[in-house]
Amino acid sequence: NWVEPLLSLARLHLTTGDSDLALDETEKILQSQPNNESALLMKGAAQLKKGDVEEALTSFQKVRRVNPRNPSAYSDIGVIYVLKKRYTEALPEYERALELAPDRLDALASIAQVYSLQGNSKAALERVEKHLTKTEDRAGVYQLLGQLSLASKEYPKAIAQLETAVKLNPN
């Protein structure tokens, strides 16, 4: 499969800071496979790293059109909306990502971040607590709760939550 090496090259270029080369590699894929989700996501990431926020948004939205069940598309669109300080638009994107992939704690952390950016740390904690019953990664949720409680200077609560995270996942 010729696509995987090009995606790996694009990822490597992005990691080493060469967004232009990453874009070149993704374009090679998209010329023959214009709906390749991985290439579109990588293209959006490279565009975002270059500061081309609107172009990145377009790439991520195309992924969402190609596959409405791709949680990364929703998460990445949420990132764009947060960058643009459009928090009320970011929340449903992250919520949909989490709905599609309940174990994606990055989406849950992003939801909490948006609430915190809006000055509502209580809503952030409540939303994360609500997710405890919806994921297999309870340790990760308790870790996130501990971090949120720590940020809110609720130290005894943070200690209890982080200790629970360690008990659930001692390795």
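Here is a short chat about a predicted model of a protein.

Student: What does the secondary structure come to?  How many helices, how many strands?
Tutor: Ten helices and zero strands.

Student: What box do the C-alpha atoms fill?
Tutor: Roughly 55 × 35 × 30 Å, taken along the principal axes.

Student: And what share of the residues is buried?
Tutor: Buried residues make up 43% of the 171 in the protein.

Student: Switching to charges. How many positive and negative side chains are there?
Tutor: There are 22 positive and 23 negative ones. The centres of the two sets lie 4 Å apart.

Student: Now Gln47. Which helix is that in?
Tutor: Helix 3, which covers residues 37–50.

Student: Is Gln47 buried or exposed?
Tutor: Gln47 counts as buried, because its relative accessibility is 4% and the cut-off for buried is under 20%.

Student: What does the Gln47 side chain reach?
Tutor: The backbone nitrogen of Ala56, at 3.5 Å.

Student: Which other residues is Gln47 in contact with, leaving aside neighbours within four places in sequence?
Tutor: Besides Ala56, the list holds Leu23, Asp52, Glu55 and Ser59.

Student: Back to the whole chain. Of contacts between residues at least 6 apart in sequence, what share joins residues at least 24 apart?
Tutor: That share is 44% in this protein.

Conventions:
Residues are numbered from 1 along each chain as its sequence is written. This is a predicted model: local features need pLDDT of at least 70, side-chain atom pairs count only at pLDDT 80 or more; totals for chains, interfaces and linings use all residues. Side-chain values use heavy atoms; hydrogens and water are left out. Helices (H or I, at least four residues) and strands (E, at least two) are DSSP runs, numbered from the N terminus. Buried means under 20% relative accessible area, exposed over 50%, partly exposed in between (1.4 Å probe, protein chains only). Contact means heavy atoms within 4.5 Å. Lys and Arg count as positive and Asp and Glu as negative; His and the chain ends are not counted. The place of a charge is taken as NZ of Lys, CZ of Arg, CG of Asp or CD of Glu. A polar contact is a pair of N or O atoms within 3.5 Å; within protein, one must be able to donate a hydrogen and the other to accept it, and residues adjacent in sequence count only if both atoms are side-chain atoms.
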